[in-house]
Amino acid sequence: MNKKKTTKIKELEDKGEIEININTIELEELLIAIGGVLFSGTAIEELETPILLRLADLIEQEISLRSQENTIH
């Protein structure tokens, strides 16, 4: 993840809001964003379903990628 995106997420967390494009966000960025929101006191039930679905999709992609890498070795 590049430093610029990390800085932007940090700024949004400091303001108490997170604005993300769930269509383009990568796994690491989404994990940081969700972690920041939860750490600030938001209940997991308050996270919108599309965000959780994107997280599930990105996790599945990561697992698939790792499985493919293990098969190649």
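Of the 73 residues of the protein, 21% count as buried, where buried means under 20% relative accessible area, exposed over 50% and partly exposed in between, with a 1.4 Å probe and protein chains only. This is a predicted model, in which local features need pLDDT of at least 70 and side-chain atom pairs count only at pLDDT 80 or more, while totals for chains, interfaces and linings use all residues. Residues are numbered from 1 along each chain as its sequence is written, and side-chain values use heavy atoms, with hydrogens and water left out.

The protein has three helices and zero strands, giving the pattern α-α-α along the sequence. Helices (H or I, at least four residues) and strands (E, at least two) are DSSP runs, numbered from the N terminus. Contact means heavy atoms within 4.5 Å. Of the contacts with a separation of 6 or more, 51% join residues 24 or more positions apart.

The largest nonpolar core has nine residues: Ile 25, Leu 27, Leu 30, Ile 34, Val 37, Leu 47, Ile 51, Leu 55 and Leu 58. Such a core is a set of buried Ala, Val, Leu, Ile, Met, Phe, Trp, Tyr and Cys residues joined through side-chain atoms within 4.5 Å. Helix H2 (27-39) and helix H3 (49-72) each supply at least two residues of this core, and H2 gives the most, with four. Leaving out residues up to four places away in sequence, Ile 34 touches Leu 47, Ile 51 and Leu 55.

The 24 residues of H3 should span 34 Å at 1.5 Å a residue, and the end C-alpha atoms are 35 Å apart, which agrees; the expected span is 1.5 Å times one less than the number of residues. The buried residues of H3 are Ile 51, Arg 54, Leu 55 and Leu 58, and H2 is included in what covers them.

| Residue | Relative accessible area | Class |
|---|---|---|
| Arg 54 | 15% | buried |
| Thr 71 | 66% | exposed |

Apart from neighbours within four places in sequence, Arg 54 is in contact with Ile 22, Asn 23, Thr 24, Ile 25, Leu 30 and Gln 61. For Thr 71, a polar atom of the side chain lies 2.8 Å from the backbone oxygen of Ser 67.

Conventions. Polar contact = N/O pair within 3.5 Å; in protein donor to acceptor, adjacent residues only side chain to side chain.
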